[in-house]
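Subject: Structure handover

Hello,

Here is the structure for you to look over. Please open it alongside this note.

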Amino acid sequence: MDRGNSLPSILEQKIYPYAALVVTHRGRCKPPPGVDRTRLERHLAPEEFEQVFGMPMAEFDRLSLWKRNELKKKVSLF
């Protein structure tokens, strides 16, 4: 039975520049098509992710959920 998304298509997320993903409260533009609004940080290139968050993605993933959410709020990706 086909449910629409295969595992490879879920894992192959498109990369966007930080500026295209930033959440603002005034004049918020819609995120690019296909972007998971709850995991905006996953659409950053690894180098840009490290520049924005100050740590590699693997280290970020090991943080508790509340800490990841706080960091995402600080960089306007929440």
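Below is what was found in it, starting with the overall fold.

**Overall picture**

Please keep in mind that this is a predicted model. The protein chain has five helices and zero strands. Along the sequence the pattern reads α-α-α-α-α. The chain has 78 residues, and 27% of them count as buried. It exposes about 5,900 Å². Carbon and sulfur atoms supply 56% of that area. Now the contacts with a sequence separation of 6 or more: residues 24 or more positions apart account for 41% of them.

**The aromatic cluster**

The structure holds three aromatic pairs. One of them joins Phe49 and Phe53. Their ring centres are 4.6 Å apart, with 35 degrees between the planes. That pair is tilted. Both residues lie in helix 3, which covers residues 46-53. They are four residues apart, about one turn of the helix.

Phe49 sits in helix 3 and Phe60 in helix 4, so the contact ties together parts that are 11 residues apart in sequence. Phe49 and Phe60 are both buried. Taken together, ring pairs link Phe49, Phe53 and Phe60 into a cluster.

**Salt bridges**

How many salt bridges does a search of the whole structure find? It finds three.

Start with Glu41 and Lys72. Their side chains meet at 3.3 Å, N to O. This pair links distant parts of the chain, 31 residues apart. Glu41 is in the loop between helix 2 (18-21) and helix 3. Lys72 is in helix 5. Which side of the cut-off do these charged residues fall on? Buried means under 20% relative accessible area. Glu41 is at 3%, so it counts as buried. Lys72 is at 7%, so it is buried as well.

Next come Asp61 and Arg42. The closest N and O atoms of this salt bridge are 2.1 Å apart. Asp61 lies in helix 4, and Arg42 in the loop between helix 2 and helix 3, so the bridge ties together parts 19 residues apart in sequence. Asp61 is partly exposed, at a relative accessible area of 34%. Arg42 is buried, at 14%.

Then there is Glu70 with Lys73. Their side chains meet in a salt bridge at 3.7 Å, N to O. Both residues belong to helix 5. They are three residues apart, so about one helical turn separates them. Glu70 is partly exposed, with a relative accessible area of 36%. Lys73 is partly exposed too, at 43%.

**Two single residues**

Ala58 is in helix 4, which covers residues 57-61. At 47% relative accessibility, Ala58 counts as partly exposed. Ala58 and Pro46 are 12 residues apart in sequence. In space they are 10.0 Å apart, C-alpha to C-alpha.

**Where to click**

For a quick tour, begin with the Phe49, Phe53 and Phe60 cluster. Then go to the salt bridge between Glu41 and Lys72. From there, move to the salt bridge between Asp61 and Arg42.

Best wishes

Note on methods
Residues are numbered from 1 along each chain as its sequence is written. This is a predicted model: local features need pLDDT of at least 70, side-chain atom pairs count only at pLDDT 80 or more; totals for chains, interfaces and linings use all residues. Side-chain values use heavy atoms; hydrogens and water are left out. Helices (H or I, at least four residues) and strands (E, at least two) are DSSP runs, numbered from the N terminus. Buried means under 20% relative accessible area, exposed over 50%, partly exposed in between (1.4 Å probe, protein chains only). Rings of Phe, Tyr and Trp (its six-membered ring) pair if their centres lie within 6.5 Å; planes under 30 degrees apart count as stacked, over 60 as edge-to-face and the rest as tilted. A salt bridge is a side-chain nitrogen of Lys or Arg within 4 Å of a carboxyl oxygen of Asp or Glu. Contact means heavy atoms within 4.5 Å. Accessible areas come from the Shrake-Rupley method with a 1.4 Å probe; for residues, only the protein chains shown count as cover.
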